[in-house]
Amino acid sequence: FIFLLTLRCGSLDIPEFSWFLYICIIGVTSYMLYKTYMKYVSGPQNKFKDLKGHVYIVTGANTGIGYETSLRLCSMNATVILACRNLDKANHAKTEIINETNCQSKHIIPLHLDLCDFDSVSTFVKEFLDLRLPLNGLVNNAGVMSEKRMPTTVSLLIICYIYLSYVLFYECMNYLYITMYL
């Protein structure tokens with residue numbers, strides 16, 4: 001319709017009007033294409049939040065998704081507790097994260113946590129509480145993968161996740177109550 005209108009106006013010897021319409025059509029079309037591209041093709045643009053002063057515990061933080069989660073949290077200035085079964089691998093992950101993000105060493109704390117052992121979970125919670133840090137998030141990422149059937153280990157892992165979450169929540173709330181009211 002607009003193209004026919006511009007042809008019609010062009011035949012009426014109003015060339016300025018037709019050029020103006022062409023420019024408007026090209027501008028509006030370009031804007032609509034840009035918005036459509038940004039919405040459906042490019043995806044949302046994530047702005048990184050500054051998490052300075054926030055503390056996160058990431059289980060299984062030495063490899064895989066846990067490592068990448070820790071890396072991203074450290075790049076947003078959060079303090080990350082690397083809760084891993086193997087402290088050597090956790091320390092290696094710590095140095096890699098420091099090299100990649102240039103964050104301070106004091107913001108990455110590796111602690112031993114074996115989710116298949118209730119004593120290890122209790123010790124981890126005590127060590128975390130001794131750090132006197134607030135807890136803003138718990139990323140339950142650690143898992144066991146094996147070709148052999150291990151129903152006891154997997155069941156124990158799930159129970160220890162629940163136990164870790166419960167003990168951390170209970171102890172942190174108890175600590176907050178003591179510090180606020182006593």
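**Ground rules.** I am working with a predicted model, in which local features need pLDDT of at least 70, side-chain atom pairs count only at pLDDT 80 or more, and totals for chains, interfaces and linings use all residues. Residues are numbered from 1 along each chain as its sequence is written, and side-chain values use heavy atoms, with hydrogens and water left out.

**Overall layout.** I counted six helices and four strands in the protein chain. Along the sequence I read the pattern α-α-β-α-β-α-β-α-β-α. For cover I used these cut-offs: buried means under 20% relative accessible area, exposed means over 50%, and partly exposed falls in between (1.4 Å probe, protein chains only). Of the 182 residues of the protein chain, 29% count as buried.

**Strand S2.** I checked both faces. On one side sit Thr-79, Ile-81 and Ala-83, and on the other Val-80, Leu-82 and Cys-84; all are buried.

**Neighbours of S2.** I then asked which strands pair with S2. Two strands pair if DSSP finds at least two bridges between them. Strand S1 (residues 55-59) runs parallel to S2, and five bridges join them. In this pairing, Thr-59 stands opposite Ala-83 of S2. Strand S3 (residues 108-112) also pairs with S2 in the parallel sense, over five bridges. Here Cys-84 faces His-112 in S3, standing opposite. Four of the five residues of S3 are buried, so S3 is largely enclosed by the rest of the structure.

**Crossovers.** How are the strands linked? I traced S1, helix H3 (residues 64-75) and S2, which make a right-handed β-α-β unit. A crossover is right-handed if, with the strands pointing away from the viewer, the path from the first strand over the helix to the second runs clockwise. I then traced S2, helix H4 (residues 87-101) and S3, and they also make a right-handed β-α-β unit.

**Thr-79.** I came back to Thr-79, found in strand S2. Thr-79 is buried, with a relative accessible area of 10%. Its C-alpha is separated by 9.7 Å from that of Ser-105, 26 residues apart along the chain.

Is Phe-128 buried or exposed? It is buried, with a relative accessible area of 0%. Phe-128 and Ile-57 are 71 residues apart in sequence, yet 9.4 Å apart in space, C-alpha to C-alpha.

Ser-120 also has its place in H5. Ser-120 is buried at a relative accessible area of 7%. I found a polar atom of the Ser-120 side chain 2.8 Å from the backbone nitrogen of Asp-114. For polar contacts I used this rule: a pair of N or O atoms within 3.5 Å, where within protein one must be able to donate a hydrogen and the other to accept it, and residues adjacent in sequence count only if both atoms are side-chain atoms.

**Backbone angles.** I looked for positive phi values next. Most residues other than glycine have a negative phi. Asn-102 has a positive phi of about 60 degrees although it is not a glycine. I placed Asn-102 in the loop between H4 and S3. At 69% relative accessibility, Asn-102 counts as exposed. Arg-132, too, is not a glycine and has a positive phi of about 60 degrees. Arg-132 counts as exposed, at 55% relative accessibility.

**Met-32.** My last stop was helix H2 (residues 15-42), where Met-32 lies. Met-32 is exposed, with a relative accessible area of 51%.

Technical notes. Helices (H or I, at least four residues) and strands (E, at least two) are DSSP runs, numbered from the N terminus.
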